[in-house]
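Subject: Structure handover

Dear colleague,

Here is the structure we discussed, with the sequence. My notes follow below it.

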Amino acid sequence: MQNPVTFVDSHTEGEPTRVIIEGGPDLGNGSLRERRDLFAASFDSFRRMCILEPHGSDDLVGALLCKPVDPGCAAGVIFFNNEGVLGMCGHGTIGLAVTLAHLGRIGTGQHRIETPVGLVGVELISPTEASIENVASYRYRKGVAVERPDRDPIRGDVAWGGNWFFLAEQGPIALELHRVEELLVEARIVKEALRKAGITGKDGAEIDHIEFFGRPGLPGANSRNFVYCPGGAYDRSPCGTGVSAKLACLAEDGRLQEGEIWIQESIIGSHFEASYRRDGDGRIIPKIKGRAYICSEGRLIFHPDDPFRNGIAKHP
Ligand code: PYC
């Protein structure tokens, strides 16, 4: 790691993103997937230093800005959080677009971003609003019943939206912000039950995001969600990859047509506007629009004598 590590913090519909601009590890010039794997295998201390307390917080999502393989792309990015690396991150890509605009690196209009799970289109609509065209998303399993200890089974779909999700149409309790600690407990129980039952995404991939749905409070919204992220935090935004997975299920069920708008409200009452186009093979290309605001920028200082410079890990 070189010093200084410079960053820009933003939030997208309430969910924070820390873009690491300079000072990250040298990951070479391979594909973003190869660089993500190298980052996870060899530079985990850098992830922890940037995300965990005392320099960050468990709720932060990191975005390591990388040179793209294709010079026609605006950037490459590797997303990570308090537990490890992520495949894609929708709110983070909107935050990245607004950050790149803040730095004067992109203007309004269409751009492409390389991620470890594929190319993502971005339209910067204004300095504080962007939409993304996510990677192809699909439902993998419908109506899976999951047995939980001391509770009735919960039923949901398994879908890919750039990360793997279990989506329960009916949340186990009311989706209210003041009940977020209970929701976290319920989501953890479902995640553990999925693991114990051997219910996975395609090719045995771990389902590491749990999504509950309920009635919206926002006028005009179609639904409200609560999204549990790997590492135990919850998404303050409606979660870009989570909404993508939801759209894939709605499309399969014939409940949302191509081009039709779906307003997904988050647990804090913010929202994304979403729609999709078909991509063959039952897959869809989701489009997610949201607002992001720059919160701060600066450099992270890791003092060599600081006993907590590598972060306080709650998830070893
Ligand atoms: O917006 O896709 C998303 C996301 C994933 C984890 C946190 N946010």
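Which ligand atom is 2.8 Å from a polar backbone atom of His91? It is an oxygen atom. This is a predicted model, in which local features need pLDDT of at least 70 and side-chain atom pairs count only at pLDDT 80 or more, while totals for chains, interfaces and linings use all residues. Residues are numbered from 1 along each chain as its sequence is written, and side-chain values use heavy atoms, with hydrogens and water left out.

Ligand site

Around the ligand (a heavy atom within 4 Å) are Cys89, Gly90, His91, His209, Cys229, Asp235, Cys239, Gly240 and Thr241. Polar contacts are pairs of N or O atoms within 3.5 Å. A backbone N or O atom of Gly90 is 2.7 Å from a ligand oxygen atom, and a backbone N or O atom of Gly240 also lies 2.7 Å from an oxygen atom of the ligand. The protein buries 99% of the 250 Å² that the ligand exposes when taken alone (Shrake-Rupley method, 1.4 Å probe).

Helix pair

Helices are DSSP runs of H or I with at least four residues, and strands are runs of E with at least two, numbered from the N terminus. The axes (lines fitted to C-alpha atoms over the stretch in contact, with angles from 0 to 180 degrees between N-to-C directions) of α1 (residues 32–42) and α2 (residues 44–51) come within 5 Å and cross at roughly 85 degrees. The two helices, α1 and α2, are therefore roughly perpendicular (65 to 115 degrees). Phe39, Ala40 and Ser42 of α1 meet Asp44, Phe46 and Arg47 of α2 (heavy atoms within 4.5 Å).

Backbone

Glu53 and Pro54 are joined by a cis peptide bond, with omega about 5 degrees. Pro54 sits in the loop between α2 and β3 (61–66).

Regards

How values were computed: Angles under 35 degrees count as roughly parallel, over 145 as roughly antiparallel, 65 to 115 as roughly perpendicular and the rest as oblique. A polar contact is a pair of N or O atoms within 3.5 Å; within protein, one must be able to donate a hydrogen and the other to accept it, and residues adjacent in sequence count only if both atoms are side-chain atoms.
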